[in-house]
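Please keep the structure open as you read.

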Amino acid sequence: MRSKVKKQSAVFIVIKAALIASIVSIVLIVLFAVLLYNGILNEGSISVVNTIIKVLGAALAAFLTVRKVEEKRFIMGAISGISYTVLAFLVFSLMSTKFSISLGLLSDLGMGLLAGMLTGLLYQTLKRT
């Protein structure tokens, strides 16, 4: 019974972290749009900034998760990174009213997994020292 409670709370932690990271991503995207609109950044920077925001979002979701769990932080970080990626995909697909599953989504999932896993490993390593 006790392990079931831990799993449920871990799921709640991951979902909460993915939601917070998605909100932060939306804020960063709005900020980026303002910078584009004012001519501070050019349109050539869109793909680079988009990738940076995705990686930061996955890393933030992982960080928010791994600081609250005690075991297997790199796995929980990876799960958080993937959860963020899926949630962000759903949110932005709803906003654009266009659901398009493609190789780009698979790439984003891999990027979320790696960013989350690396964040979990880094946190776990730094926590030991």
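What follows covers the pocket, then the helix pair, then the residue.

This is a predicted model, where local features need pLDDT of at least 70, side-chain atom pairs count only at pLDDT 80 or more, and totals for chains, interfaces and linings use all residues. Residues are numbered from 1 along each chain as its sequence is written, and side-chain values use heavy atoms, with hydrogens and water left out.

The largest pocket has a volume of about 510 Å³. A pocket here is an open set of points on a 1 Å grid, where a 1.4 Å probe fits, with protein on both sides within 12 Å along at least five of seven lines; lining residues have an atom within 4 Å of a point. Of its 23 lining residues, Ile 29, Asn 50, Lys 54, Phe 92 and Asp 108 lie nearest the centre. Helix α3 gives the most to this lining, 7 residues; helices are DSSP runs (H or I) of at least four residues.

The two residue sets compare by class as follows.

The axes of α3 and α4 come within 7 Å and cross at roughly 145°, on a scale from 0 to 180 degrees between N-to-C directions.

Leu 36 is found in helix α1. Leu 36 counts as partly exposed because its relative accessibility is 24%, between the cut-offs for buried (under 20%) and exposed (over 50%), with a 1.4 Å probe and protein chains only. The C-alpha atoms of Leu 36 and Asp 108 are separated by 23 Å.

How values were computed:
Grid points are joined across faces, edges and corners, and a volume is the space filled by probe spheres set on the points. Helices (H or I, at least four residues) and strands (E, at least two) are DSSP runs, numbered from the N terminus.
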